[in-house]
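Hi everyone, thanks for making time. I'd like to walk you through one structure, a piece at a time, so please have the viewer open.

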Amino acid sequence: MPDFTHGFTIDASKCKGCLACMRACPTKAVRVHDGKASLLPYLCVDCGSCLRVCSSGAIKPTTLSFAELDKFKFKVAVPSPVLFGQFPMAVSCDHLVEGLKSIGFDAVWDYEVELALINRATSEYIEKWQGPFPLISNTCPVVVRLIQVSYPEMVDQVLQIQPPRELAGRDLKQNYAREHGISPDEIAAVYITPCQAKTISILEPAEQTKSHLDGALGISEVYNDVLVAARALRKKEKAPSKGPGCKTGMVRWATSRWLCPELSRHRSMYVSGLSNIIQVFNDIEKGKLRNIDYIECWTCWDGCIGGNLTVDDVYITRSKINRLQAELPAYDPDLEKKVKLRFPNEDFALKGRLRTRNRGDRAYDLKEQVKRIKNEEAVLKALPSLDCGLCGAPTCKSLAEDVARGDAKQSDCVFYSNERLKQLRKIYMHNH
Amino acid sequence: MMAEVLLKKSFEIKGGDFDKAGETSDEIKQMLKSLEMPPGLIRRTVVITFEAEMNIVMYAYEGIVTFVLTEDEIKLEISDSGPGIEDINKALTEGFSTATDKMRMMGFGFGMGLPNIRKNSDIFNIESEVGVGTRVSSVIWLNKHA
């Protein structure tokens, strides 16, 4: 079985076997055996739904610790644009930068230009694309994994352009290496992420290349320290500035890119929420979706502002970001000039090729497969269709699949075995 | 000699039932995915089934889609009782459609149905009798996707 690195880990010693993650998983990748959750790696798309619902603290994002960063001479934070909508409005950009520095960063990279460049590159890419249609955005790593795992025939429809955060990582390393006369390898580029899924795109890029970023820290992991530092700074100021503080143009991209004029002139669609994405992908597969050239997909509800490592409520964040965006000029000639200057000389293409994910190489035997799914059907018919989850699989259908694969027994179903009930009592009713 | 039939399934489809249109192709897709068939093959089969299903929903009174899997091929038999097709050659022309305004409003009737089925099939056959119904048979070879 190929080993897939994931954006989170499950600590069995903390897992209480509560089934919440198993029930929340949209791709049915979690099983709970002997009171402990585990993962079927070939089904997991790293959406982080499990992490969101885990109450025992067993499921943790694979983000960095500062100790791991000590080997770097110069540490740079690459904040997700979403970060700016997380703090009280009185906290300014300068406060945030100082706050991030106070927790150990040497610099914070503003990548408004990179965001604008990728936007234009995406627009040109769509214009030149000959099909198959529609093209699908690749900024959300879960969308890419979902296609690799469940829609392999659509891998060629995924946009082959670097996400802005990667371009930012590349640029900042060049910049600070020059500025401080050190090697790019001595510089850490750390993404301040709204979700655990971005860590996987850094640790194991879907295109099998090396990321320009060195790791990620969750917004929720830095939030408290940054807020305390920012507040202290604000107190020291003689005349605190009034009105929304964050004036970086990066907030333009804290909400959907689709909303900006560059992309909205294409025949495009915006889809957020994993179940909605799956519905649209099913339509694409059938050839039902026509006359759409580009789909922007975000796994989290309402995009990255709904990420599972954010702090503030998604609606409040959206409201704040709307206000911050309203503060910005509609047209920024300075930004436009920079983009115009750099665009013709840049290569935005992804260096590796996206591949499908499968369960590993083994001989394919159609007769065996047919036998297996017939067996699966027979098992399913014998199950109660209650999807209670007590067998350790999320649905009766999942159990039937597991049984047909030889990974579970029909007697795992509580309707078939008193033994199973006794075992469950022992695991879950230890206080009785 | 005919290859051994490994799997055979039939699906009934009702004319005019736009609400359920697409369920048959979804079910066939799920089945092929659990069989771990090659992605390209799944896509072709799903497109054929979906277009066939839509044709029945849009034009016929009722129909049956039969899916047959052997070691060599997937065969889809689609038969309906309905108005039939007057001019088959015309119906096989891309862009030709007799869809009503209502169907077009729902996003269907681009005149790609039968052409799409033919394009995705390795063997394609169509017979139709006006006032009786239409019978389409489509074969996809498995070895092309090994």
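I'll begin with chain A and its domains, move on to some backbone details, and finish with chain B.

One thing to keep in mind throughout is that this is a predicted model.

So, chain A. It is divided into domain 1, residues 1–61, domain 2, residues 66–345, and domain 3, residues 373–432. Let me put domain 1 and domain 3 on the screen: in chain A, their C-alpha centres lie 18 Å apart. Twelve residues from domain 1 of chain A and seven residues from domain 3 of chain A take part in the contact.

Which elements of chain A give two or more residues to the domain 1 side of that contact with domain 3? They are helix H1, at 20–24, and strand S2, at 30–33. S2(A) provides the largest share of that side, with four residues. If you colour the domain 1 side by class, you get five nonpolar, three polar and four charged residues.

For a landmark in the pair, pick A:Val271, which stands opposite A:Cys297 in S11(A).

A:Gly131 and A:Pro132 are joined by a cis peptide bond, with omega about 5 degrees. Another cis peptide bond joins A:Phe133 and A:Pro134, and there omega is about -10 degrees.

Then there is phi. A:Lys28 is a residue other than glycine with a positive phi, near 55 degrees. You will find A:Lys28 in the loop between H1 and S2 of chain A. Is A:Lys28 buried or partly exposed? A:Lys28 counts as partly exposed, because it has 17 C-beta neighbours inside 10 Å.

A:Asp387 is not a glycine either, and its phi is positive at about 50 degrees. This aspartate, A:Asp387, lies in the loop between helix H14 (366–382) and helix H15 (396–405) of chain A. With 16 other C-beta atoms within 10 Å, A:Asp387 is partly exposed.

Let's turn to chain B. It has five helices and five strands, and from the N terminus on the elements run β-α-α-β-β-α-α-α-β-β. The C-alpha trace of chain B spans about 40 × 30 × 25 Å along its principal axes. Chain B has a radius of gyration of 15 Å, which agrees with the value near 15 Å for a compact globule of 146 residues. Buried residues make up 33% of those 146 residues. Of the contacts in chain B with a separation of 6 or more, 64% come from residues 24 or more positions apart.

Last stop: where the chains meet. Here 20 residues of chain B are in contact with 14 residues of chain A. On the chain B side, the elements giving two or more residues are strand S1 (5–14), helix H1 (23–34) and helix H2 (39–59) of chain B. H2(B) brings the largest share, seven residues. By class, the chain B side divides into ten nonpolar, five polar and five charged residues.

That's my tour, and I'm happy to take questions.

Conventions: Residues are numbered from 1 along each chain as its sequence is written. Chains are lettered from A and ligands numbered from 1 in the order in which they are written. This is a predicted model: local features need pLDDT of at least 70, side-chain atom pairs count only at pLDDT 80 or more; totals for chains, interfaces and linings use all residues. Two strands pair if DSSP finds at least two bridges between them. Domain bounds come from an automatic or database domain assignment. Two residues are in contact if their C-beta atoms, placed from the backbone, lie within 7 Å. Ala, Val, Leu, Ile, Met, Phe, Trp, Tyr, Cys and Pro count as nonpolar, Asp, Glu, Lys and Arg as charged, and the others, Gly among them, as polar. A residue is buried if 20 or more other C-beta atoms lie within 10 Å of its own, exposed if 12 or fewer, and partly exposed in between; C-beta atoms are placed from the backbone. The radius of gyration is taken over C-alpha atoms; the globule rule is 2.2 Å times the number of residues to the power 0.38.
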